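The following note sets out several points on the model shown below. Please read them alongside the coordinates.

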Amino acid sequence: MTEFSHINKNQQPSIVNIMDKKVSQRHAVAKASIELPEMMMQKLTAENFNTAKGSIIHTAIIAGIMGAKKTGELIPLCHPIGLENCEVEIKFNSNSLDIYATAEVEAKTGVEMEAMTAVSIAALTIYDMCKALSHDIIIKEIKLMEKTGGKNDFKRSE
């Protein structure tokens, strides 16, 4: 591709025309990382990830899935699609959390944006639920890890 996909022949914003595309199985995985202060990681571990608002991890997982389902409403030129699967997983490291989202659908367009929205919303939910302890939280490295289906497959090494 040598041109931006969301600009029409008149150089105006446009949704991508997918009328002539074939339906195929689409799969995407995205990742986000969140750095947390050491005392926050210790507190999360000691209190089994619960706060007065509920389980931080479970709330973030549900928020990520909900965000993926709303991607077409949040990103102006993104096609709304009916997700057939969306999973969010959160892994603990020494001073950070890694959030992974997998999105799948059989459609004419991909699910990269749904996977990336899921990890973004999950990360923001963790920030929201932890900010009372400290604002020294860094959300970083929101990135597509892999996608299959459509014209080109993509895979990034960690």
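Contact, as used here, means heavy atoms within 4.5 Å. The model is predicted: local features need pLDDT of at least 70, side-chain atom pairs count only at pLDDT 80 or more, and totals for chains, interfaces and linings use all residues. Residues are numbered from 1 along each chain as its sequence is written, and side-chain values use heavy atoms, with hydrogens and water left out.

1. Cys130 touches Met40, Leu44, Ile56 and Ile137, residues up to four places away in sequence not being counted.

2. Cys130 is also listed with Ile34, Leu36, Ile90, Ile99 and Ile126 as having the most contacts inside the largest nonpolar core, which has 33 residues. A nonpolar core is a set of buried Ala, Val, Leu, Ile, Met, Phe, Trp, Tyr and Cys residues joined through side-chain atoms within 4.5 Å; buried means under 20% relative accessible area and exposed over 50%, with partly exposed in between (1.4 Å probe, protein chains only). Helix 4 (112–130) is among the elements that each supply at least two residues of this core, and its share, 8 residues, is the largest.

3. Helices (H or I, at least four residues) and strands (E, at least two) are DSSP runs, numbered from the N terminus. In helix 2 (residues 56–69), the buried residues are Ile56, Ile57, Ala60, Ala63, Gly64, Gly67 and Ala68. They lie on the same side of the helix because they cover an arc of only 135 degrees around the axis, taken from the directions from the helix axis to the C-beta atoms. The face turned away from that buried side carries the exposed His58, Ile62, Met66 and Lys69.
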